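This report is meant for a reader who meets the structure for the first time. Please look at the sequence and the model before reading on.

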Amino acid sequence: MDELVSLCKRRGFIFQSNEIYGGLQGSYDYGPLGVELKNNLKASWWSCMVYERDDIEGLDSSILTHPNVLKFSGHEDTFTDPLIDCKSCKSRWTADEIIDNKCPKCGSKSLTEPRPFNLMFKTSLGPIEDLENYAYLRPETAQNIFTNFKNILDTTSHELPFGIAQIGKAFRNEITPRNFIFRVREFEQMELEFFVNPGDDEEWHKKWVDMRLSWWEKQGLNNNLKTLEVPKDELSHYSKATTDIMYKFPHGEEELEGIANRTDFDLGSHTKNQAELNIDSEVLENNASSAKLAIKSSVSNKWIVPYVIEPSAGVDRGVLAILTEAYTNEQIDNKTSRIVLKLSKHLAPIKVAIIPLKKNNSDIVEKSKEIKMSLQSSNFGRVILENTGNIGKSYRKHDEIGTPICITIDFDTLEKNTVTLRDRDTMKQEKVNVDDLELRLRDIFK
Ligand code: ATP
């Protein structure tokens, strides 16, 4: 982990947030390379969820959330961690961090009883800070998918099964943020709520676990993934069954994504008139909204509250897993080694680096710029001109940041119209005619 954190900082992937003021714990900033990697990961998820299917629609909803949404979703009451204080050294712990009834810091057994601590951030609305006018920063992106259920149904023409996908920030006041970007207070989620007929839920749950595993494998996580059935007594308040996709992070095996069967809990608890609607649902009481978050079955003509399968993945945990898997310290020969980020090509922040052989040769540099602009407009992703005048150093840098292809522009380019392509993983070089370059790269990046 230390090596990874250091590489991330040194090369501009991830920085501690507000570092010049001592840092804001549990918050991180994504630098020039981090933002590209993160965007590429999100784009791959969006493409797989929304563009490659016709039964899923996208959404980008507000972060500020009406308190009633999180009241009726159950988060106000249940989204808590039990907290324990050490009376001797005054340190504060979550209950699961206390082993053998002793303070992990000073070993004292003088501890308070666990007290519930709500993980949601509250903020006041309007110019006057008071207890009435407040909103929550959403603790998951899911709730505004449920509250938009009717809007989306009314504006599209879906029948069950269909889904709504969203990528966005979520906030949790984690008591002990830790392990770099693994557990933070501000993070991004990629969430799908997939609505199915009650009764089809268990089958869809299994399908989504398989689909999500295979997607993570395509992001390059081939070796260190596994699934875990969450024990019944550890399920979230809304879940009938949850399968976690676990990844072997540098600090241990932990959750990367959770795939929950949320049943009709959320749509049901946001819907007031279920009894009047003659809807079969277990969640009938104490509802506040007057919405009818239900769908009329084209088969039975009855209103039903769909069941929901929710694959919910963390972007930041995804980035950490991908960096962990890609980080390779490779021995080249007895004396030399190199660090390579073996990122899948579609995730690499920079796809191609154009390196002029001579920093100050204006013909070579001009030709390099021309090739850069022409490749940039071919939509491979980011292509950069790396004009350091030191090819060996540039190769090392681009190995470390995972650039799949380096292209050297030299005198042969001016005289014979050829360039040298170097592959990140094999370090093999090939000569390619400039006229064939785009086609060759299309083949490499396909
Ligand atoms: P954990 O048990 O690790 O706290 P969780 O079960 O509370 O996670 P979910 O509520 O299922 O997490 O959220 C879905 C996903 O959101 C998680 O799989 C994870 O990738 C991401 N996530 C949740 N909390 C955090 C956090 N504090 N920091 C970064 N990512 C998070």
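The model is a predicted one, and the ligand in it sits in the largest pocket. The elements that give two or more residues to the shell around the ligand are β11 (186-196), β14 (252-263) and β17 (307-314), and of the shell's residues β14 gives the most, with 4. Altogether 14 residues surround the ligand, and the closest are Glu174, Arg183, Val184, Glu255 and Leu256.

| Residue | Protein atom | Ligand atom | Distance |
|---|---|---|---|
| Phe182 | backbone N or O | nitrogen | 3.2 Å |
| Gln189 | side-chain N or O | oxygen | 3.2 Å |
| Arg317 | polar side-chain atom | oxygen | 3.1 Å |

Taken on its own, the ligand has 590 Å² of accessible area, and the protein covers 82% of that area.

The remaining part of the report turns to a loop. Where in the chain does Leu221 lie? Leu221 belongs to the loop between α7 (201-218) and β12 (225-229). Because its relative accessibility is 0%, Leu221 counts as buried, the cut-off for that class being under 20%. Leu221 and Leu343 are 122 residues apart in sequence, while their C-alpha atoms are 9.8 Å apart in space.

Terms used:
Residues numbered from 1 in each chain as written. Predicted model: local features only at pLDDT ≥ 70, side-chain atom pairs only at ≥ 80, totals over all residues. Heavy atoms only, no water. Near = heavy atom within 4 Å. Polar contact = N/O pair within 3.5 Å; in protein donor to acceptor, adjacent residues only side chain to side chain. Areas by Shrake-Rupley, 256 points an atom, 1.4 Å probe, with all protein chains shown as cover. 1 Å grid on protein atoms, 1.4 Å probe; cavity = no way out; pocket = protein on both sides within 12 Å on 5 of 7 lines; lining within 4 Å. Sits in = over half its atoms within 2 Å of the grid points. Buried < 20%, exposed > 50% of the residue type's maximum accessible area, 1.4 Å probe, protein only.
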